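Please look over the sequence and the model before reading on.

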Amino acid sequence: MRSVLSGVLTGIGTAAFIDETVFHQLLHWHHFYDKSTTDIGLVSDGLFHAGSWLAMVAGLVLYADVRRRGTLVPRKWWGGLFLGLGGFQLYDGTFQHKGLGIHQIRYGVDLAPYDWTWNGIAVLLLVIGALLLVRASRTAPRAGTPRTTGPRTPSRTR
């Protein structure tokens, strides 16, 4: 479970970082909060960026912990990563864009192709993550068996 959680947090952080970097900073399509001034939009982008990095750091700290413990299940981690990527994107595209209306993908254009593409990619990422998790649970070793190869703690020789 910790492998999945680590992947999900890392996926959320990655998706949010890509969204903020590409669509907010490079393309200037929108801010995290577009219902006020540009200054407020920039502050909201900064807070959003900080939140994405908190998710990333938490995910990577948890990843390091499961590796150290020797309980990392790589396929479950990748499944969690894809669930985090797709989950963030679907949440952003449905709840933030349409439900709350705090921003849109882009302004001054027909939104339908953007919305379908954005949410379609999100669903695809979620399906990939779910398939990886199903596959990982079908090939899971017996309980109590370490799931990664090689020792994760130093061994003493006498």
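**Salt bridges in a predicted model**

D65 is buried, at a relative accessible area of 14%, where buried means under 20%, exposed over 50% and partly exposed in between, computed with a 1.4 Å probe on protein chains only. This is a predicted model, in which local features need pLDDT of at least 70 and side-chain atom pairs count only at pLDDT 80 or more, while totals for chains, interfaces and linings use all residues. Residues are numbered from 1 along each chain as its sequence is written, and side-chain values use heavy atoms, with hydrogens and water left out.

**The pairs of D65**

- The side chain of D65 forms a salt bridge (a side-chain nitrogen of Lys or Arg within 4 Å of a carboxyl oxygen of Asp or Glu) with that of R2, at 2.2 Å from N to O.
- Because D65 lies in helix α2 (residues 38–69) and R2 in helix α1 (residues 2–26), the pair ties together parts 63 residues apart in sequence; helices here are DSSP runs of H or I, at least four residues, numbered from the N terminus.
- R2 is partly exposed, at 39% relative accessibility.
- D65 also meets R69 in a salt bridge of 2.8 Å, N to O, and both lie in helix α2, four residues apart, about one turn of the helix.
- R69 is partly exposed, at 49%.
- A network of salt bridges links R2, D65, R68 and R69.

**The pair of K98 and D115**

- The side chains of K98 and D115 form a salt bridge, at 2.8 Å from N to O.
- K98 lies in helix α3 (residues 74–100) and D115 in helix α4 (residues 111–138), so this pair ties together parts 17 residues apart in sequence.
- K98 is partly exposed at 43% relative accessibility, whereas D115 is buried at 12%.

**The whole structure**

- A search of the whole structure finds four salt bridges.

How values were computed:
Helices (H or I, at least four residues) and strands (E, at least two) are DSSP runs, numbered from the N terminus.
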